[in-house]
Each structure stands twice: as structure tokens, then as C-alpha cells.
Protein chains: 2
Amino acid sequence: MLRRILLTAAVAAVALVALVALQVSAMHHELPKGYRSWAHVKSMVITDKSHGLYGFHNVYANPAALEGLRAGKGFAKGSEFVVSFYEVGTEGPMITQGKKIMDAYMKKDAAAKQTGGWWFNAFGPDAKPLGVDVVKGCYECHADGAKGTDLVFSKFIE
Amino acid sequence: MLRRILLTAAVAAVALVALVALQVSAMHHELPKGYRSWAHVKSMVITDKSHGLYGFHNVYANPAALEGLRAGKGFAKGSEFVVSFYEVGTEGPMITQGKKIMDAYMKKDAAAKQTGGWWFNAFGPDAKPLGVDVVKGCYECHADGAKGTDLVFSKFIE
């Protein structure tokens, strides 16, 4: 009987932790409204469809992140970036933005201990999370390639 | 003597008109400060160096122009666009923004009668006017290709 009670309590505790984690995760992992009016940091294009980051990329920064980028002295809590990925289109001589593929998102928060002090996520064209493994799919590459700039790859282009 | 006075007065009048015209022109033809914080409308790339519009293009709209673009009902006086042209660079699999080539500029003003109600200009990387013929080099192509959208080629991409 004691064993059953302990087991039930343990299951309940795990479920509670999972629920809280999900809520915290959801809180930090919503695509922010209005990011299309944020400052544009830069754009770039990867035309190779087999590349993991294929697409026409536009990088946006909220005011806190922009200040960090321009000052080059790190990022304040609440700094946010969105990288919008579009299909690579062509119209005559032009390489153009096609349909939206996804929005990649990062937000500075010391609470995101597992991912270097940034929450990461990726959202489909419907703004719903794509369910990527943010440790393997985002953090590890940022930690490896952009460790000298607080995990931020993009430089602001004047 | 009367002839000399009249001639002098005429020359002075012409000089005055020219001076006023230059000042009006300069007033409308300065690259606006802060346009890099305006909303980003879209980007596109023309890689062919022989093309007249070669470059990595980023299009920015001030708040008035953005409202016009999104509502699709024309542009209020004071609407402004800047298209920043950069060299087309490559880094590994990426097509990137290279050095700034120029900034093309248009501003809505009914007083710009010769160019369809928009002031046009183009500025070098030093923000000084390039001295282009804005009628032949800007207006005529916009009037021909974008007459249904008040001479504005770009559409806002969400």
C-alpha cells in the first residue's frame, strides 16, 4: 500500500514538473508579435536546398538586441532576434523571397541555463512551434560558431 | 543704361530662382537619418553585374509608407522609401551583403510634379547624391512598371 502511494506521488510529481516545464517553455517560446517592425539586421541567402539552413534569411532585432549589437558589449536580458526563412524564388534576373519556411527565434534570459542563457525556438508559417530539439538543433551550433559574440551570429550591417 | 539695369535684374532673378530651386531640391534630397531603423519591406538580389540594378537590395519604409503599403490604398504625403544596394558577396554556401553601393530614395510630395508626385534620388556610400538624372534614371521606369501602385514597386512581405 505504501509502495502504491509512493508510486502515485512520484508519478504526480513528475507530471507536475513536466506541466510546469511545458508552461515555462511555452511562455518563452511564443513568436513575439510585431517583430516585422523591428530593425532589420541583415539578410543573406542559401540557395542549396540540401543545406540545413536553406532559404532567404532576414534577421530582425528588438530594440534591446539592436543596442547590444551596435554597442558590441553583450546583450541585455530580453534581447530578442527573429530570423525569417523564406523559400528562394527567382523572377527574371532576381533572387526573391518565396513562401515563408519558418521563423527562428532567440531570447536572452539567464534562466535558459541549458542553452547558454538564450531561449531558442523555431516556428512554422502558422506561427506554431515546429518541435525542434533546441539543444541539438540550435544551441550547439550557436555555442560552437558564435561563442565570442554571446551565441549571436549576425552582425548589424549599416 | 536702362538695358543694363534690366539685364542685371534679370540675371539676379534667374540666380535667385536657381538658388531657391537648389535649396528646395536639397531639402527633399537628403538621405533621411535613421532609415536603418525603419520597417524592412523585403529584400532581393540581382547577381548579374551587367544589370542596371545589380546588387543585394534591402527595402525600408518609414511609418507613413508602411501604412500605405499594408493598407494598399495609396501613400500619404511624407511617405518615404530607401532601397539600400550592396555588392553581392559569397561566404561558403551563402550569398551575402557586401559593401554598400548606394541608397535609392523616394519621398511622396505632390510638389514633385515632374516625377509623378515623388522626389527621387540616389546617394553613394558617403551619403552624397550621385547626381543621377532622376527623370530618366528613376521616374520613367517607376512610371512604366509600377503605375498601378503609385510608382512603388515593392510589396510588403509578412
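The model is predicted, so local features need pLDDT of at least 70 and side-chain atom pairs count only at pLDDT 80 or more, while totals for chains, interfaces and linings use all residues. Residues are numbered from 1 along each chain as its sequence is written, chains are lettered from A in the order in which they are written, and side-chain values use heavy atoms, with hydrogens and water left out.

Start where the chains meet. On the chain B side, 26 residues are in contact with 26 residues of chain A; contact means heavy atoms within 4.5 Å. Together the two chains bury about 2,100 Å², of which 56% is on carbon and sulfur atoms. Buried area is the accessible area (1.4 Å probe) that two parts lose on being put together, summed over both. Of the area that chain B buries against chain A, 26% is supplied by Arg36(B), His40(B) and Ile95(B), more than by any other three residues.

On the side of chain B that touches chain A, the elements giving two or more residues are strands E1 (39–46), E2 (55–61) and E4 (94–108) of chain B. Strands are DSSP runs of at least two residues, and helices of at least four, numbered from the N terminus. E1(B) gives the largest share, eight residues.

Strand E1 (residues 39–46) of chain A is joined to E4(B) by three bridges, and the two run antiparallel. Two strands pair if DSSP finds at least two bridges between them. Here Ile46(A) stands opposite Met94(B) in E4(B).

Within chain A, E1(A) also pairs with E2(A), in the antiparallel sense, over seven bridges. Met44(A) has His57(A) in E2(A) as its bridge partner. E2(A) is in turn joined to E3(A) by six bridges, again antiparallel, and Tyr60(A) is partnered by Val82(A) in E3(A).

Strand E2 (residues 55–61) of chain A is mostly covered, with seven of its seven residues buried. Buried means under 20% relative accessible area, exposed over 50%, and partly exposed in between (1.4 Å probe, protein chains only). Both faces of E2(A) are covered: one side includes Val59(A), and the other includes Phe56(A).

Lys73(A) lies in the loop between helix H2 (63–71) and strand E3 (80–91) of chain A. Lys73(A) is exposed because its relative accessible area is 77%.
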